[in-house]
Amino acid sequence: MADDPAGSVESVSGPVSVTVDLAERSYDICIGDGLLASVGERIADLFPGARAVIVSDETVNGLHGQVLRDSLGRSGVINHTVLVPPGERSKNFAMLDRVVDGVLATGLERQDVLIALGGGVVGDLAGFAAGIVRRGMGFVQVPTSLLAQVDSSVGGKTGINSPRGKNLVGLFNQPSLVVADTSVLDTLSTREMRAGYAEIVKYGLIGRLDFFEWLQANHRAVFAGGSARAHAVRVSCEAKAAVVKADELEGGQRALLNLGHTFGHALEASVAYDAKRLVHGEGVAIGMVMAHEFSHRLGHCSQEEASRVAEHLSEVGLPTKMSDIPGPSFEIDTLMSAIAQDKKVERGALTFILTKGLGRSFIAKDVAVDDVRAYLEDCLAS
Ligand SMILES: NC(=O)c1ccc[n+]([C@@H]2O[C@H](COP(=O)([O-])OP(=O)(O)OC[C@H]3O[C@@H](n4cnc5c(N)ncnc54)[C@H](O)[C@@H]3O)[C@@H](O)[C@H]2O)c1
Ligand SMILES: [Zn+2]
């Protein structure tokens with residue numbers, strides 16, 4: 001194992017737990033290989049006598065649903081399963097209706113528990129359903145994609161997309177427990193692994209240069225699995241838990257988690273969320289490189305540091321520029337209108353996450369729309 005400035009890798013050879021400290025809504029994130037088989041026992045401890053409904057997508061259920069059902073069965077937790085098709089398109093009102101109806105049909109009550117087994121799509125959709133069925137029932141996240149383990153399952157944001165935009169309808173609904181079994185990631189596609197990895201890099205770039213450097217040295221081990229992967233998930237969850245503790249409802253500092261997301265969301269919107277062209281984490285990878293280059297252009301960050309971000313993301317096989325996205329090239333007006341929709345524009349200025357260098361991101365509330373347009377025009381021209 002290479003140098004480990006971001007904490008001890010050895011200490012995560014067994015399961016570890018990270019606490020999200022939110023007073024009476026605090027909860028643990030349990031991280032480690034093989035934890036799926038322990039979910040039944042954990043739920044029986046946390047919700048004595050409760051029944052459960054698993055909400056999952058067809059792909060994840062086929063691969064991992066039975067291990068979870070067996071675990072619940074061993075602990076005497078009566079359980080049902082409700083499935084949705086895989087993919088972003090399931091985050092809509094029709095699928096919310098299907099999940100809510102499926103849960104109500106089981107006859108479960110408020111004190112019973114909904115388990116979201118899947119990636120961020122299932123977590124967001126099922127978490128929203130758990131928050132509104134019977135005005136809120138028990139909720140446990142069992143994230144199965146890397147993105148969900150390091151980002152979406154932690155922090156309580158749940159919801160669906162509207163035809164008018166992404167994540168526009170939803171609730172803050174913190175889970176009571178998150179169980180991240182790092183070995184279920186063995187069945188995830190390389191492309192989805194890379195997409196989740198972009199969000200891990202994000203935590204280094206926001207505020208942990210030591211972690212970014214650890215990732216530069218250890219990325220192969222993170223992709224291979226075992227203790228380095230669990231370590232990367234743990235550091236990411238600790239980083240997210242700290243931000244969520246400080247600013248649960250995103251009044252201020254939580255916005256730092258949007259590093260790379262303004263450009264990334266504009267790219268996703270411009271390809272009409274076509275996953276064949278771009279998935280979320282890929283948009284974030286390109287967006288983080290752009291955020292560093294844009295910061296350099298505004299005089300905040302060196303070109304060398306911006307280049308280091310691009311080099312690392314490219315080394316793991318992530319796209320780093322708009323021209324890496326297959327299909328037709330982008331239109332400036334489409335990108336600008338997506339940015340205007342994503343972020344509040346006040347008197348010609350945007351709130352943007354910029355950086356003073358690796359690990360030194362900050363919230364800039366006065367970025368001129370004209371500067372963003374000029375930067376994007378130059379990107380499209382090159
Ligand atoms: N709530 C939040 O704070 C938050 C944060 C970031 C992202 N998100 C949301 O998360 C969603 C993206 O999440 P995602 O990338 O996990 O997408 P996803 O849930 O669509 O999962 C990606 C694909 O991987 C498959 N998959 C998941 N786990 C697998 C496994 N172990 N083995 C094989 N295949 C597996 C899924 O079936 C799906 O096809 C977006 O909707 C985004 O808005 C939410
Ligand atoms: Zn993201």
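This note goes through the sheets, ring pairs and a few single residues of a predicted model.

1. **Ground rules.** Local features need pLDDT of at least 70 and side-chain atom pairs count only at pLDDT 80 or more, while totals for chains, interfaces and linings use all residues. Residues are numbered from 1 along each chain as its sequence is written, chains are lettered from A and ligands numbered from 1 in the order in which they are written, and side-chain values use heavy atoms, leaving out hydrogens and water.

2. **The sheet of 7 strands.** This sheet is open, with mixed pairing and the order β1-β2-β9-β6-β5-β3-β4. β1 (16-20) and β4 (79-84) stand at the edges with a single partner strand each, so one side of each has no neighbour in the sheet. From one strand to the next, the twist averages 20°. Helices (H or I, at least four residues) and strands (E, at least two) are DSSP runs, numbered from the N terminus. Two strands pair if DSSP finds at least two bridges between them.

3. **A parallel pair inside it.** Strand β2 (residues 27-32) and strand β9 (residues 177-181) run parallel, joined by 5 bridges. Within this pair, I31 stands opposite A180 in β9. Helix α2 (residues 58-74) packs on the sheet and touches β3 (52-57), β4 and β5. The direction of α2 makes about 160° with that of β3. Helix α8 (residues 227-246) lies across β1 and β2, at about 10° to β1. Contact means heavy atoms within 4.5 Å. Axes are lines fitted to C-alpha atoms, for helices over the stretch in contact, with angles from 0 to 180 degrees between N-to-C directions.

4. **The sheet of 3 strands.** A further open sheet has the order β10-β11-β12 and antiparallel pairing. β10 (345-346) and β12 (361-368) are at the edges, each with a single partner strand, so one side of each is left without a neighbour in the sheet. β10 pairs with strand β11 (residues 349-355) in the antiparallel sense, over 2 bridges. There, E346 stands opposite A349 in β11. Helix α13 (residues 369-381) packs on this sheet and touches β10, β11 and β12. Its direction makes about 100° with that of β12.

5. **Aromatic pairs.** Rings of Phe, Tyr and Trp (its six-membered ring) pair if their centres lie within 6.5 Å; planes under 30 degrees apart count as stacked, over 60 as edge-to-face and the rest as tilted. By this rule the count comes to 7 aromatic pairs. One of them, F211 with W214, is stacked, at 6.0 Å centre to centre and 15° between the planes. Both residues lie in helix α7 (residues 209-224), 3 residues apart, about one turn of the helix. F211 and W214 are both buried (buried means under 20% relative accessible area, exposed over 50%, partly exposed in between, with a 1.4 Å probe and protein chains only).

6. **F263 and F294.** What sort of pair do the rings of F263 and F294 form? Their centres are 6.0 Å apart and their planes stand at 85°, so the pair is edge-to-face. F263 lies in helix α9 (residues 261-270) and F294 in helix α10 (residues 280-297), so the pair ties together parts 31 residues apart in sequence. F263 is buried, with a relative accessible area of 2%. F294 is buried too, at 0%. Ring pairs link F263, F294, F352 and Y375 into a cluster.

7. **Charges over rings.** The cut-offs are NZ of Lys or CZ of Arg within 6 Å of the ring centre and within 35 degrees of the ring normal. K202 lies over the face of Y203, 5.4 Å from the ring centre. The charged end of K356 sits over the ring of F362, 4.0 Å from its centre.

8. **T106.** Is T106 buried or exposed? T106 counts as buried, at 18% relative accessibility. Its place is in the loop between α3 (93-105) and β5 (113-118). A polar atom of the T106 side chain lies 2.4 Å from the backbone oxygen of V103. The T106 side chain also reaches the backbone nitrogen of L108 at 3.3 Å. Leaving aside residues up to four places away in sequence, T106 touches R51, V53 and H80.

9. **Positive phi.** Most residues other than glycine have a negative phi. R135 has a positive phi, near 60°. R135 sits in the loop between α4 (120-132) and β6 (138-143) and is exposed, at 76% relative accessibility. Y273 also has a positive phi, near 55°. Y273 lies in the loop between α9 and α10 and is partly exposed, at 33%.

Conventions:
Polar contact = N/O pair within 3.5 Å; in protein donor to acceptor, adjacent residues only side chain to side chain.
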